Amino acid sequence: MHGFERASGFPKVIGAIDGTHIRINGPKQNHADYINRKGFHSIQLQIVCDHKTLITHCYAGHPGSVHDQRVFPLSEVADYVNYDDKFLENFHILGDAAYEIHQH
């Protein structure tokens, strides 16, 4: 938390979240589902990292055509973001516009 504040000025941030793609060979079944917006076959990967870019959580497995906005609600992180007992003292995880604003 202190590392994020020193680096960016954002207080009480415990992580940053974003999605990316793991390139794969096109599968034989549901071929089109794995083509992402950049035009290649992939599996969606959501990562939370700390201020040093060390991964603290990852969630993978959805086809590349699935947007970050649809992956997040299915991840374990979504199960925790609105629970005060999980995010004591109003901590936050920062994400881009693909992630809805939640209490934390």
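Let me start with I17, which in this predicted model touches Q46, I47, V48, F72, V77, I93, L94, G95, D96 and Y99, leaving aside residues up to four places away in sequence. Several of those names come back when we look at the largest nonpolar core, which has nine residues, namely I17, V48, F72, V77, V81, F87, I93, A98 and Y99.

Now to the strands. Strand 1, covering residues 13-23, and strand 2, covering residues 42-49, run antiparallel and are joined by eight bridges, and as one example you can find A16 standing opposite C49 in strand 2. On to the next pairing: strand 2 and strand 3 also run antiparallel, with seven bridges joining them, and here Q46 has Y59 of strand 3 as its bridge partner. Strand 2 is largely enclosed by the rest of the structure, because six of its eight residues are buried.

Strand 2 and strand 3 form a hairpin with five residues between them, and T53, in the turn, has a positive phi of about 65 degrees, even though T53 is a residue other than glycine. Is T53 buried or exposed? Its relative accessibility is 61%, and the cut-off for exposed is over 50%, so T53 counts as exposed.

The other residue is N30, which lies in the loop between strand 1 and strand 2 and has a positive phi of about 55 degrees although it is not a glycine. N30 also counts as exposed, because its relative accessibility is 52%.

Key:
Residues are numbered from 1 along each chain as its sequence is written. This is a predicted model: local features need pLDDT of at least 70, side-chain atom pairs count only at pLDDT 80 or more; totals for chains, interfaces and linings use all residues. Side-chain values use heavy atoms; hydrogens and water are left out. Helices (H or I, at least four residues) and strands (E, at least two) are DSSP runs, numbered from the N terminus. Buried means under 20% relative accessible area, exposed over 50%, partly exposed in between (1.4 Å probe, protein chains only). A nonpolar core is a set of buried Ala, Val, Leu, Ile, Met, Phe, Trp, Tyr and Cys residues joined through side-chain atoms within 4.5 Å. Contact means heavy atoms within 4.5 Å. Two strands pair if DSSP finds at least two bridges between them.
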